Structure formats: C-alpha cells, structure tokens
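Hi,

Here's the structure I promised to pass on. Have a look, and then read on for what turned up.

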Amino acid sequence: KTKSAWDKNPEEIIKGLKDVYFDTTTSSFIDGQEGKLLYRGYNIHDLAEKSTFEEVVYLLLYGKLPNKQQLEEFDQTMRANRRIPDEVIQVLDLVKGSHPMDALRTGISALAAFDPEVKDNSVEATIRKGVRLTAQGPTIVAAHHRLRQGLEPVAPDPSLNHAGNFLKMLFDEVPDQETTDLLDVDFILHAEHGSNASSFGARVTASTISDLHSAVTTGVGVLKGPAHGGAAEEVMRMALDIGQPENAEDYCRNILDNGGRFMGFGHRVYRAEDPHARHLRERSRILSEKVGQPHWFQILTYVEEEVMVRYRSRGIFVNVDFFAGSIYYLLGIPDDLFISIFALGRIAGWTLQCAEQFEDNILLRPLMEYTGEMDLEYTAIGDRS
C-alpha cells in the first residue's frame with residue numbers, strides 16, 4: 001500500500017530540510033566535503049582571479065561566458081540602468097533612520113511601481129528585470145547611506161564599473177583601482193550559492209507566481225537575519241573588542257571557558273574550507289598592510305590558526321564572512337552596511353533562481369508533522385475556567 005503524505009512518521013521529518021533536494025538546477029554546484037563551488041560549471045577560484053563581476057552576472061543570467069562584444073554591450077546596459085526614480089529617493093529619505101537592509105528591501109519593493117515589466121514572469125523578462133535590479137541595488141544602498149548622514153545622494157557615474165561606481169556613490173570619491181578590484185572580487189564571491197536560505201525564500205515567493213521584485217524583496221528580508229548574512233559584522237565586532245594581537249589569547253580563552261561561540265566559522269554545507277575564504281583571506285592581509293593597520297589581520301589569523309584549528313577535524317573551518325568584515329571595515333564602510341554589500345552581490349543569483357523557478361514552476365509547499373492534541377471538544381466561553 002502506498003503511504004500518503006499524511007501518514008509520515010516523525011522519524012522521517014528532516015528539520016531545516018537539511019540535505020533535502022527539492023529541484024534540479026544549472027545555477028551552481030557545491031561539494032561540501034571537498035570545498036568546491038562552481039557557477040554554471042566554472043570554478044569560483046578561476047572566476048575570482050580572472051573574471052569581473054559584470055562577466056559573472058552575464059554568466060549566471062545567460063548560462064555562458066560572454067565574448068568581448070557581448071560583455072561590452074551588457075556592461076553598457078548595466079551602466080545605463082543605475083539611476084532610480086526621484087520618487088524612490090523620496091521614499092528612502094522617509095526611511096533614512098532605518099537599517100540599511102530595511103531601506104534596500106523598501107527601495108526594491110518601491111522600484112516595482114516603476115518597472116514596465118513587473119507583471120511579466122517570462123524567463124526573458126525576469127532576466128531583464130534582474131539586470132536592472134542588479135544595477136539599481138548599489139544606488140539604493142548608497143543613496144540611503146548619504147541621506148541618513150544629511151548629505152545629498154551622489155549620482156551614478158557611467159565611467160566607472162559596477163564596484164567602482166558603488167564606492168563613488170557611497171563616499172563621493174573615485175576609488176583607486178586596487179580598492180575597486182577588491183570589491184569586485186567580493187561581489188563575485190557573493191553572487192550565487194545554491195539553495196541557501198535567502199535563495200530558497202526567493203524561490204518560494206516565485207513559486208506562487210508572484211513577481212521578481214517581490215521575490216528579491218523576500219531574499220533581502222531573509223538575508224538580514226543574523227543566522228544567514230550577519231556574521232561578517234559580528235566577526236569584526238569581535239576583532240574590535242580584542243583590539244590588539246597581544247589581547248587575543250586571553251579574549252579567546254575567556255570565550256572558550258564560558259562556552260561562547262566564534263562567529264565566521266562553520267557552514268551548513270561545507271565540511272572543508274569555504275572556497276570563498278582563501279580569496280578574502282589574502283586580500284584582507286594585503287589591505288590591512290596597505291592602510292597601515294595589520295593588527296586586524298593578525299587578530300583574525302590568531303583566532304583561525306591558534307584557536308579554531310582544533311575544530312577542523314569536525315569539519316569546522318572559516319567561512320566567507322570571517323575575512324569579509326575586516327575588508328569592509330578597512331575600506332571605511334560602516335558595519336551596518338556589511339550585509340547590504342552581500343545582498344548587492346547576490347541579486348543576480350536570486351534572479352537566476354527565480355528564472356529557474358518560473359521556467360518549470362510548482363508551488364513550494366512542504367508539510368509539517370502535527371504533534372498537538374486532536375479532536376478537542378469546544379467549550380462555550382462562559383463555561384471555561
């Protein structure tokens with residue numbers, strides 16, 4: 001006899017849907033045991049070292065690496081779509097006291113009112129909207145940051161690439177090439193990562209045949225949670241608490257003795273080193289030396305090599321957030337913007353996930369095992385004790 005879904009036993013419940021496959025994908029491949037990550041078949045190490053964010057966005061959305069002409073045309077499309085309507089700027093001014101992730105969520109939601117294809121869920125329209133949102137996201141974050149400081153937003157600069165333009169809008173200063181390249185790599189590393197919590201949330205929204213703006217808004221909301229996107233901020237806060245490398249030993253011993261937790265270690269998928277980490281580790285070292293503050297990297301290295309090394313046998317290694325926070329801090333980016341930068345890199349990945357969902361859609365609707373009481377007798381309110 002075939003067992004119905006309603007007859008499932010509690011032993012079959014998989015909390016958090018851990019290791020459950022709910023669909024197929026061509027977006028990214030993750031081997032958690034080996035620490036391997038591929039975007040559309042291409043190794044993240046090759047993309048981080050040899051590619052650009054614009055090229056990676058094209059790869060994710062169109063499934064192949066662009067030739068020179070395709071990349072130039074795509075780059076021009078991205079640059080041409082960076083501006084956001086004045087009305088959205090006004091909305092951001094109204095919520096300038098909010099957390100940057102709340103402002104990003106609100107800004108993306110508001111952009112839906114101005115997108116001519118908001119109701120078109122075809123794969124082609126979804127990709128076009130995703131390109132626009134990828135281009136507009138940095139403008140939202142930078143404009144909100146300027147407004148909350150009592151400053152006028154800086155207009156997008158079409159002469160700069162995606163990363164350089166974001167830094168220019170944020171600080172009203174053209175960044176040097178080394179800094180631009182550093183943020184470009186960071187965006188690449190955050191662009192796509194399978195069915196993580198925010199991507200799954202975006203796909204759930206897409207599965208209801210809602211629109212891309214709603215799905216990306218969902219992704220932003222899910223990413224804001226500290227269990228998903230907030231570790232970089234916590235790692236840098238730890239480093240600031242330690243202050244100097246000579247304080248690290250006592251600080252770490254106190255955490256271990258009191259059963260505390262070190263943020264930036266461990267991953268739901270990886271049982272080897274997170275493949276993102278190597279790229280940010282070396283760049284954190286170089287940047288800390290460049291700005292004359294090598295002690296931040298020395299503190300993080302102590303925590304990784306002297307304290308957490310003992311947990312590697314359990315599959316606990318540094319993840320992408322461990323060195324990301326120090327890079328943002330050294331670039332002068334406020335800590336409450338760290339998660340927003342993660343989100344700006346991920347919009348393309350959310351778009352790809354939603355395009356896949358729209359292309360072969362089924363409503364994502366898992367079941368839960370009911371463990372409460374059954375068939376209780378209703379008692380009138382006057383007879384209740």
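Which residues in α9 meet which residues in α16? From α9 they are Ser198, Ser199, Ala202, Arg203, Ala206 and Ser207, and from α16 they are Arg346, Trp350, Gln353, Cys354, Glu356, Gln357 and Phe358 (contact means heavy atoms within 4.5 Å; helices are DSSP runs of H or I, at least four residues, and strands are runs of E, at least two, numbered from the N terminus). The residues of this contact split into 5 nonpolar, 5 polar and 3 charged (Ala, Val, Leu, Ile, Met, Phe, Trp, Tyr, Cys and Pro count as nonpolar, Asp, Glu, Lys and Arg as charged, and the others, Gly among them, as polar).

Before going further: this is a predicted model, with local features needing pLDDT of at least 70 and side-chain atom pairs counting only at pLDDT 80 or more, while totals for chains, interfaces and linings use all residues. Residues are numbered from 1 along each chain as its sequence is written, and side-chain values use heavy atoms, leaving out hydrogens and water.

Next, Val320. Its place is in helix α15 (residues 320–330). Val320 is buried, at a relative accessible area of 10% (buried means under 20%, exposed over 50%, partly exposed in between, with a 1.4 Å probe and protein chains only). Apart from neighbours within four places in sequence, Val320 touches His190, Asp274, His276 and Leu280.

There's also an open sheet of 3 strands, ordered β1-β2-β3 with antiparallel pairing (strands pair if DSSP finds at least two bridges between them). β1 (28–31) and β3 (42–43) are the edge strands, each pairing on one side only. Leu38 has Asn43 in β3 as its bridge partner.

Cheers
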